[in-house]
Amino acid sequence: MATIDVDNLPYPDGDFYAFEDLLTDKERDRLHEIRTWLAAEVKPHAADWWNAGEFPHHMIPKIAELDVMSPVYRQGYSNLFAGLCHAEVTRADTSFATFLGVHDGLFTGSIEALASEEQKAAWLPDIYAMKKIGAFGLTEPLGGSDVAGGTRTTARRDGDNWILNGEKRWIGNATFSDWVVIYARDVEDNQVKGFLVDTKTPGYRATKIENKIALRTVQNADIVLDNVVVSDDFHLKGANSFRDTNKVLKVTRLAVAWQAVGQQMAAFDVARKYAVERHQFGKPLASFQLVQEQLVKILGNTVSSLGMMVRLAQLEDLGQAKDEQSALAKAFTTARMRESVALGRSILGGNGIVTDYGMAKIFADAEAIYSYEGTYEINTLVTGRAITGVAAFV
């Protein structure tokens, strides 16, 4: 049997259908620059951060210098470029991608989509420079999928101020963020509104959620708001109903679907490398038909997920993407991801359950992606409503 050259495998980036060729030369060069940076600065340390359950705060200035913030809104890149970049970050480390997804997607996206022009001018420069780190407070201890109509956190107008009371849960970055966008129900008109809250404000408290089995590097927190006073100047002027909030979620749901693509790329990278390096019965695992079938299944899942996301990115660029299309993408890609990471873990056998070999972390982190930004079930029902005209939520 011919010797396998582990350092020169075919399709080294796993781009089996050459989707990167759809990018402009400038975008492709930039993507490769980011990929190289991630390989040097993030991937070698990701397991250590994950095992320790600690966030690498020293990396924030380095990310700021890389200048990856708001590639579409601020830098004018295509949605395809932005999506492939997010997949690449996930490929290197899902926790790192989630940190960026919260700060650059949910938090910054809320400001970009819902703040007034004056508010944007005042806030966005420090946000883009990562001098101010943000969090996104929507999910509650008793409100996840039903938070649209069941937000318990309240906002009461008091002259030129608002008084916020309530609790939030699973809020990424919240243990160290400078700001958090809090969505609360106005007691006067019963509509969900958005507020930029300084985390040093009296009455605000964030406590880290411990004992997670996924995204351990991400600092998720429980938040308590006890008569937190927020000036009306910090009420996001375009955030006056949950319909407004959904403008942000539509975009970030796509970002999570891109994470599912990146997670499958990571699983393919680790599983293929292991299969060609690991020997059983005197020959590489990759020489066995059943192992090749598993690798091809992971690749097929990745390619089909990527193809869906490429088309959706094109629709986003045209301004034609719909909520139900984002919902289907999130449901489909995360379902394929779940299968892919399970196959990858199987290929590694016992070594697939320790973080030393990479796959255990990929396998565990996939469970968080599967659930956040709308569960598989809810996104399936959103799509089902779109194709039948019948809502089946209750």
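Author: Helices (H or I, at least four residues) and strands (E, at least two) are DSSP runs, numbered from the N terminus. This is a predicted model, in which local features need pLDDT of at least 70 and side-chain atom pairs count only at pLDDT 80 or more, while totals for chains, interfaces and linings use all residues. Residues are numbered from 1 along each chain as its sequence is written, and side-chain values use heavy atoms, with hydrogens and water left out.

The part to look at is helix α8, which spans residues 242–277 and holds Ala-257. Ala-257 counts as buried because its relative accessibility is 0%, where buried means under 20% relative accessible area, exposed over 50%, and partly exposed in between, with a 1.4 Å probe and protein chains only. If we set aside residues up to four places away in sequence, Ala-257 touches Met-309, Ala-329, Lys-330 and Thr-333, a contact being heavy atoms within 4.5 Å. Ala-331 lies 74 residues from Ala-257 in sequence, and yet the two C-alpha atoms are 8.0 Å apart in space.

Phe-242 is found in α8 and, because its relative accessibility is 18%, it counts as buried. Its C-alpha atom is separated by 20 Å from that of Val-256, which is 14 residues away along the chain. Glu-277, also found in α8, has a relative accessibility of 39% and therefore counts as partly exposed.

Ala-64 lies in helix α3, residues 60–66, and counts as partly exposed because its relative accessibility is 25%. Apart from neighbours within four places in sequence, Ala-64 is in contact with Ala-129 and Met-130, and its C-alpha atom is 16 Å from that of Trp-123, 59 residues apart in sequence.

Most residues other than glycine have a negative phi. Asn-227, in strand β7 (residues 221–231), has a positive phi near 55°, and its relative accessible area of 44% is why it is called partly exposed. Ala-18, which sits in the segment before α1 (25–41), likewise has a positive phi, of about 55°, although it is not a glycine; Ala-18 counts as partly exposed because its relative accessibility is 31%.

Finally, consider the whole chain around the helix. It has 12 helices and 9 strands, and of its 394 residues 54% count as buried. Its C-alpha atoms fill a box of roughly 80 × 50 × 40 Å along the principal axes. The radius of gyration of the chain is 21 Å, which agrees with the value near 21 Å for a compact globule of 394 residues; this radius is taken over C-alpha atoms, and the globule rule is 2.2 Å times the number of residues to the power 0.38. Where contacts join residues at least 6 apart in sequence, 75% of them join residues at least 24 apart. The chain exposes about 17,600 Å², of which carbon and sulfur atoms supply 53%, the areas coming from the Shrake-Rupley method with a 1.4 Å probe; for residues, only the protein chains shown count as cover.
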